[in-house]
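Thank you all for making time this morning.

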Amino acid sequence: MIETTARSRFLIVRICMALMISAAAAQAAGADETVTIGGSRVALIRPASVRASVILLPGGDGAINVGDRGDIHGLLGNQLVRTRNAYAARGLAVMVADASTDLKAAVDYMAAIKRPVTVIGTSRGTLRAAEGIARGARPDALVLTSGFLSPESGSSSNVMSILGSPSALPRTLVIHHTSDGCKFTLPAGVDPFIRWSGGRARVKWLSGGAEAGDPCQARGHHGFNGLDGQVVGLAAGFR
């Protein structure tokens with residue numbers, strides 16, 4: 001009986017130590033949480049030591065369907081959603097915003113955590129970035145990946161048409177795949193946008209990776225399939 005009791009106590013101590021170590025590791029890495037921005041639920045990852053902040057605006061319908069603990073149930077394959085933890089691993093506070101999120105309020109929220117604040121939008125998320133800036137959002141920097149940039153991109157609704165003038169455009173990095181086959185984000189739309197920006201934007205072209213399925217979806221060059229590390233490295237370093 002005494003031996004059994006001692007063994008039980010030993011196991012309890014071991015379990016408690018393991019739980020404490022796990023909790024400490026989670027605190028150091030930063031844990032996902034859900035916060036509300038102007039009535040919209042967003043996912044937030046806040047590392048223990050924050051260098052800067054990013055707001056990720058996914059493409060598609062933008063509905064990420066956030067749970068109660070920062071868990072995301074929509075658009076899981078989207079390039080920004082699937083790489084959100086890679087930004088946090090670089091010491092960035094990360095907000096994954098829903099389509100309904102007010103960008104100005106989101107920028108203000110992240111600025112209170114740590115400036116500079118960079119907004120990163122992909123595909124239709126680039127339209128939401130432009131709409132938010134047109135309504136008064138003032139991020140320190142903007143990254144547009146696979147963007148609806150200009151009429152030559154293939155859509156009458158684009159960043160140029162939404163902003164009207166480049167005067168509100170912050171420092172901007174365009175990341176585009178040379179073989180993007182999506183009819184709304186054609187590579188031909190990039191150079192007209194860069195010229196229109198009047199020096200506020202520059203472009204980084206990527207090539208390679210893998211192409212599968214719908215050319216406007218995440219598994220194609222439009223979604224930088226196979227190039228996540230390069231996209232994150234460029235976007236996370238731009239501020």
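Predicted model: local features only at pLDDT ≥ 70, side-chain atom pairs only at ≥ 80, totals over all residues.

For anyone who would like a reminder, a disulfide is a covalent bond between the sulfur atoms of two cysteines.

Where in the chain do Cys182 and Cys216 lie? The pair links distant parts of the chain, since Cys182 sits in the loop between β7 (171-177) and α7 (190-196), while Cys216 sits in the loop between β8 (201-206) and α8 (228-236), 34 residues apart. The two cysteines also have their own accessibility values: Cys182 is buried, at a relative accessible area of 2%, whereas Cys216 is partly exposed, at 22%. The cut-off for buried is under 20% relative accessible area, so the value of 22% places Cys216 in the partly exposed class.

Now for the chain as a whole. Its secondary structure comes to eight helices and eight strands, and buried residues make up 46% of its 239 residues. Among contacts between residues at least 6 apart in sequence, 69% join residues at least 24 apart.

I will stay for a moment with the loop between β7 and α7, where Thr185 is also found. Thr185 counts as buried, at 0% relative accessibility, and, leaving aside its neighbours within four places in sequence, it is in contact with residues including Ser146, Phe148, His176 and His222. Pro187 has its place in that loop between β7 and α7 too, and, with neighbours within four places again left aside, Pro187 is in contact with His176, His177, Thr178, Asp180 and Trp205. The C-alpha atoms of Pro187 and Ser146 are separated by 8.6 Å, although these residues are 41 apart along the chain.

Let me turn to the pockets. The largest pocket has a volume of about 270 Å³ and is lined by 17 residues, of which Gly60, Ser123, Cys216, Gln217 and His222 lie nearest its centre. Its lining divides into six nonpolar residues, 10 polar and one charged. The second largest pocket has a volume of about 160 Å³, and the 13 residues of its lining divide into five nonpolar, two polar and six charged. Two helices, α4 (103-113) and α5 (124-134), are the elements that give two or more residues to the lining of this second largest pocket.

Finally, some backbone details. Most residues other than glycine have a negative phi, and most peptide bonds are trans. Ser123, one of the residues nearest the centre of the largest pocket, has a positive phi of about 50°; it lies in the loop between β5 and α5 and is buried, with a relative accessible area of 11%. Phe224, in the loop between β8 and α8, has a positive phi of about 55° and is buried, with a relative accessible area of 0%. The peptide bond from Arg115 to Pro116 is cis, with omega near 0°, and Pro116 is placed in the loop between α4 and β5 (117-122).

Notes
Residues numbered from 1 in each chain as written. Heavy atoms only, no water. Helix = DSSP H or I, 4+ residues; strand = E, 2+ residues; numbered from the N terminus. Buried < 20%, exposed > 50% of the residue type's maximum accessible area, 1.4 Å probe, protein only. 1 Å grid on protein atoms, 1.4 Å probe; cavity = no way out; pocket = protein on both sides within 12 Å on 5 of 7 lines; lining within 4 Å. Points joined across faces, edges and corners; volume = space filled by probe spheres on them. Nonpolar A, V, L, I, M, F, W, Y, C, P; charged D, E, K, R; others polar. Contact = heavy atoms within 4.5 Å.
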